[in-house]
Structure formats: C-alpha cells, structure tokens
Amino acid sequence: MVRAGERKRKKGFFFSGAVCRQHLLHLYTSITSLIFVSRRPSPPPTDLLRLTSRRLVWATKAQSLTTMATEQDECIGTVKGQIAKLFEVSLKVTVPNEPDVEPLVAACNGKFGDYQCNNAMGLWSKIKGKGAPFRGPPAVGEAIKNNLPTSEMIESCSVAGPGFVNVVLSKDWMAKSIQKMLVEGIDKWAPLPPVKTAVVDFSSPNIAKEMHVGHLRSTIIGDTLARMLEFSKVKVLRRNHVGDWGTQFGMLIEFLFEKFPNFEDATETAIGDLQAFYKASKQRFDADPAFKERAQQAVVRLQGGEDKYRRAWAQICEISRNEFHKVYQRLGVHLEEKGESFYNPYIPGVIETLTKQGLVEESQGARVIFIEGVNIPLIVVKSDGGFNYASTDLSALWYRLNEEKAEWIIYVTDVGQQQHFDMFFKAAKRAGWLPHGDSSYPRASHVGFGLVLGEDGKRFRTRNTEVVRLVDLLDEAKNRSKAALIERGKGEEWTEEEIESTAEAVGYGAVKYADLKNNRLTNYTFNFDQMLNDKGNTAVYLLYAHARICSIIRRSGKDIEELKNKGTLVLGHKDERDLGLHLLQFAEVVEEACTNLLPNVLCDYLYNLSEIFSKFYSNPECKVIGSDMETSRLLLCEATAVVMRKCFNLLGITPIYKI
C-alpha cells in the first residue's frame with residue numbers, strides 16, 4: 001500500500017536577468033511529465049504491512065516552447081497550461097532567487113486580454129526589502145511581461161493595475177489550433193491530470209430492491225465523472241459496489257425455499273416483482289418467529305459457504321442484475337460489479353492489521369476506531385462480532401490502493417453519507433494509507449449530491465407514496481419525447497427507427513442534463529415539462545442547436561472532410577474570434593470539472609457555447625453559406641459541432657443530427 005503520494009519537482013537552472021532570451025529559451029525547452037517509481041508487490045490481507053510512500057517524480061524532456069507540444073505528443077493540454085509554461089520561464093528570469101514560484105494564470109473576461117498572470121503582487125511581498133531592482137508590483141509585472149519568451153501563441157501583452165500581465169492570443173495561432181483539432185481529432189485537446197488510475201464507485205444499488213430515483217443521481221453523476229477522466233487519458237475502474245451481502249439475505253433465501261421448493265427452477269418471471277418479493281419476506285420475518293430463526297440460520301450457512309445457500313444467493317443476485325441492466329442499458333452506462341461480497345474475505349486481515357497498528361479499540365462490546373474531532377467512533381466490528389459498512393469500505397479501499405493501484409478513489413453517494421466518509425477517510429489517514437493533506441495522491445474523495453424533489457418540494461414519489469422506479473421514469477421521458485416529435489409531424493417524415501432513436505436520445509438526455517446542470521450538492525426539482533422544453537438551458541435546446549449546425553453544413557453541399565484538409569480557417573470578425581476562444585477553452589473547462597468533481601461546470605460551458613455560436617451565426621456580417629468566407633465559417637461551424645458532440649459524450653447524451 002502507498003502512503004502519501006507527494007509530487008517532487010526537479011530543480012531547474014536559475015539565471016540572472018542579463019542572460020539573453022535566446023539562451024534562456026534554448027535551456028528551458030522542456031515540459032514536465034509524470035512517471036511513477038516502481039511499486040512493490042501487494043501483501044496478502046492477512047499480513048498487511050504498513051508500506052512506504054510512493055512518490056511522484058517529475059522527469060523532463062526537450063520540447064519547443066513556441067508550440068508547447070511535439071507532433072509525437074498525444075495531447076497538448078490546456079491553453080491556460082501552455083500560457084503558464086511561458087510565464088514559468090519568465091518568472092525564473094524575473095526573480096531568479098525565488099525558485100518555487102508557480103505561475104498564477106487565469107482566463108480573463110476579454111476587456112484587457114484573454115488570459116492574465118497575477119503573480120506580481122504576491123512576488124512583491126516576498127522580494128521587497130531584499131534588494132530587488134523593482135519599485136512595486138507594476139514594475140514586477142512589467143519585468144514579467146518583458147521576460148516572456150517569444151511565442152506564436154501571443155499577439156500582445158500589457159500590464160494593468162498592480163502588475164496584472166494581460167495576454168491577447170494570436171488570431172492566427174487560434175485558427176491554426178482549431179483547424180489542427182479538426183484534422184487530428186478532439187482527443188488532442190484532452191487535459192493531462194496527474195493520475196494514471198482512478199476508481200469511480202457509483203450507482204451501487206441493493207440486491208433484491210428496485211433501482212429508484214434516488215439511484216439516478218449517483219448513476220448519472222458517476223458516469224459523467226468517469227467519462228471526463230477517461231477522456232483525460234486516466235484508466236478508470238468503474239465500480240458498482242452493490243449491496244449483495246448481509247443479514248437480509250437469510251430471509252430472502254428462506255422465503256425463496258418456501259415459495260419454490262425446487263428453487264433453481266424459480267425464474268425471474270415466476271418470482272415476479274423482486275421488490276414485492278423482498279417486502280413479503282420482510283413481513284414474514286417480522287411476523288413469524290420460526291421463520292425468523294430459520295432466516296438467521298440461513299445467514300450463518302450462507303457465510304459458511306454451504307453450497308445450497310450459495311446457489312440460492314447467486315440466483316437472487318442474478319435476477320436483480322437483470323433488472324439493473326434494464327436501467328443501465330437505457331442510460332448507456334457501463335459498470336463492473338464488485339459488490340460487498342467481493343471484499344468480505346479481506347475484512348479479517350485488514351481489521352487485524354489495523355488492530356496491530358493500535359487503531360482498533362474495544363468500546364461497549366464493539367471494536368471501533370476513534371476519530372479526532374468526532375464524538376462517535378467508527379465501528380468496524382459490531383458487538384455481535386459481525387461486520388458492517390465501515391469494515392467493508394476499509395477493506396475495499398485497501399484493495400483499491402494495493403491490488404488495483406488506484407491513485408484517486410471517488411465515491412458518488414448522497415450527502416447524507418458525508419459523515420461516514422469523513423470518518424472512514426480519517427481512519428485511512430491514521431493508518432497511513434492516505435496522505436494527511438487533501439492535495440496529494442493517493443486521494444479519496446466523496447462526491448455528495450442532494451435530493452430529487454417533486455413539484456411539491458418534497459422527496460420525489462408516486463401518488464401512493466412509493467419511490468418512483470427508475471425504469472418507469474426513463475420510459476416516461478422517452479414516451480413524452482416521442483409524442484412531441486409526432487405532434488411536430490415527424491411521424492410522416494421519418495422512419496419508425498428514426499423516431500425511436502431520436503425519442504430515446506432526447507428523452508434520456510433530458511433527464512440526464514436536468515440533473516447534471518445543477519450543482520450536485522443542491523436538491524433539484526424533477527419536472528418533465530421543464531426538462532423537455534426546447535427553450536432555455538435544457539438538453540432538448542442543446543441537441544436541437546447541434547442538429548441545426550449539422551443542417552447548415554449539409555445545406556452548403558460542401559464536403560466538410562475535404563475542407564478540413566484543404567480549406568483555411570480565419571478568425572477575422574470579433575464574433576468569430578469570441579467563438580474560437582471559447583472552443584479553445586474546452587480542455588481547461590473539462591480539467592476544472594474533473595478537479596472539482598462538478599459536472600455542472602461542463603454543462604455551463606456547453607450552454608454558453610451554443611449561445612456564442614448563435615450570436616456568431618445570426619450576425620449578418622458573419623454570413624456562412626454563399627459568403628466569401630464560406631469555407632472558413634463552415635470549418636468554424638464544424639469545430640463547434642465537434643466540441644458540442646464531445647460535451648454530449650462526456651455527459652452521456654447521444655447527439656441528434658436532424659430535427
């Protein structure tokens with residue numbers, strides 16, 4: 001197992017301001033890339049060792065600062081990151097005696113520039129009184145500007161206020177970068193996070209219970225986080241931590257034996273509604289002492305590995321999986337199941353090792369870990385000797401760190417479980433499994449989310465107070481979408497297959513986007529009419545916007561693939577440049593959404609992109625078809641469509657190409 005994963009920077013050379021810029025550029029033609037030192041083999045769970053730290057070390061390789069990427073590089077990263085590299089060089093020259101200064105670069109609102117470096121004020125507070133040749137932050141800013149290496153990215157620089165260095169990007173460089181993306185593919189724009197492997201633990205329904213609207217947010221949010229990390233070249237282990245182990249299986253198995261003496265012949269059709277089956281077994285368990293005793297014995301036999309009980313358990317699990325699959329199929333979500341039962345064999349060894357470390361203590365008959373600042377302990381072994389969520393979660397974390405070599409483990413559950421995860425993470429830090437800081441790797445993060453509410457402001461339920469089945473919810477969205485298409489006359493124009501596929505894309509996409517566009521920590525109101533509206537910030541509006549762009553390209557009659565290779569993109573008009581800049585900022589938006597685990601950041605970007613495109617296209621000065629700039633503007637339309645499609649892909653939404 002790894003302890004704190006601390007990143008270590010390789011020292012650079014420091015120069016006085018007298019060194020010529022060409023010499024500096026030659027010596028600083030490098031960028032950093034992460035490599036990992038070798039890991040030693042994982043120990044068995046019964047002999048868990050406290051392992052030494054894994055450190056992330058920086059290596060360097062030669063690369064031109066004028067392009068910030070070679071043709072061999074898989075990704076170029078974000079524009080902000082490329083600008084930051086230029087300022088990193090300048091800062092080394094400007095303040096050679098301050099070696100650990102990181103460039104502070106942010107996007108601007110466009111009034112003074114496209115990007116801004118904000119290091120001057122902070123630097124001045126460090127260097128004043130040390131004989132530095134500056135008379136305040138503005139002078140520091142001027143020096144930073146003047147020491148920037150020449151780059152085709154930059155059209156101009158200026159200094160404003162207390163040393164803010166504003167950068168205006170070159171329109172030619174912007175146009176070339178967008179056209180290069182069209183030729184080489186948008187994957188070249190993927191951000192470059194500092195991890196190679198991540199676990200995203202999401203959805204995680206309970207066996208023998210229906211997936212309901214409460215599972216909707218975990219499934220949708222988790223899938224989007226996984227997609228964004230996968231786009232960023234991270235190996236993502238999509239884990240479905242289903243509740244497939246525990247005392248409830250005793251009553252389910254006994255009830256199965258009772259209803260179906262030849263239980264292996266009991267099919268999904270014969271059992272019927274698994275949720276009703278669960279409720280009936282629970283009622284029997286509560287009302288019949290003899291049944292309750294048999295159920296308790298069944299748990300012992302199941303956990304003891306008795307074949308008959310294991311086969312009955314596996315059959316119940318399989319029926320549940322078939323139900324879950326109906327939901328995942330509609331949502332286009334892929335997971336690998338590793339439920340509670342998978343980690344059960346690891347629990348004794350993990351608890352034993354934590355005990356040897358002095359973390360586990362006796363308290364009122366239970367075995368617990370006390371957490372500093374929390375007035376209740378984390379119970380890892382119940383007073384009856386049984387295990388619980390904490391013991392399973394600790395074992396799962398151990399497995400993910402040691403066996404799966406994950407550097408970032410992300411848990412997507414409702415905010416009501418925040419305290420459990422806080423305590424569980426602190427216990428892992430006490431054990432030395434995770435670093436104490438929140439900025440180092442390996443890292444564990446809880447992605448909490450709020451409730452889905454009905455229009456009455458209460459938890460979303462059916463009229464008979466039952467929790468809404470997720471399959472029914474998704475089917476209703478599709479059916480409403482289909483009805484809207486037929487009402488618009490598409491039933492006569494399109495094939496039945498086109499109607500069905502569009503209804504699915506719009507209906508399911510509307511449900512997803514209505515969830516994802518909100519900050520996940522807030523509750524949101526589920527309203528079909530709002531989410532299926534074709535105006536405003538909805539999936540329907542955005543899907544239709546994409547289809548209109550595709551229609552523009554089709555109506556031109558031009559071969560867009562040929563234009564990508566033979567045409568030239570130009571950003572001559574302000575609206576063209578605004579659209580181009582927004583397109584180029586796609587990678588840093590994905591990076592921000594990943595870093596903060598907030599899918600709504602990407603939704604905001606997508607909606608703003610559609611609005612900026614509309615402004616460009618509706619401007620008479622930016623006429624597309626039939627204008628002298630038709631080729632260039634068709635390429636800009638195609639670039640917008642490509643970025644929109646990637647946004648849809650990351651949000652798990654299927655694009656449509658005609659309306």
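Start by selecting S8 and S14: these strands pair in the parallel sense over four bridges. Strands here are DSSP runs of E with at least two residues, helices are runs of H or I with at least four, and both are numbered from the N terminus. Two strands pair if DSSP finds at least two bridges between them. Pick Val200 next; its bridge partner in S14 is Ile410.

This is a predicted model, where local features need pLDDT of at least 70, side-chain atom pairs count only at pLDDT 80 or more, and totals for chains, interfaces and linings use all residues. Residues are numbered from 1 along each chain as its sequence is written, and side-chain values use heavy atoms, without hydrogens or water.

Now select S9 (residues 235-240). Five bridges join S9 to S8, and the two run parallel. Click Val199: its partner in S9 is Leu237.

Colour S8 (residues 197-201) by burial. Five of its five residues are buried, so S8 is largely enclosed by the rest of the structure. Buried means under 20% relative accessible area, exposed over 50%, partly exposed in between (1.4 Å probe, protein chains only). In a regular strand, side chains alternate between the two faces of the sheet. Here Thr197, Val199 and Asp201 are buried on one side, Ala198 and Val200 on the other.
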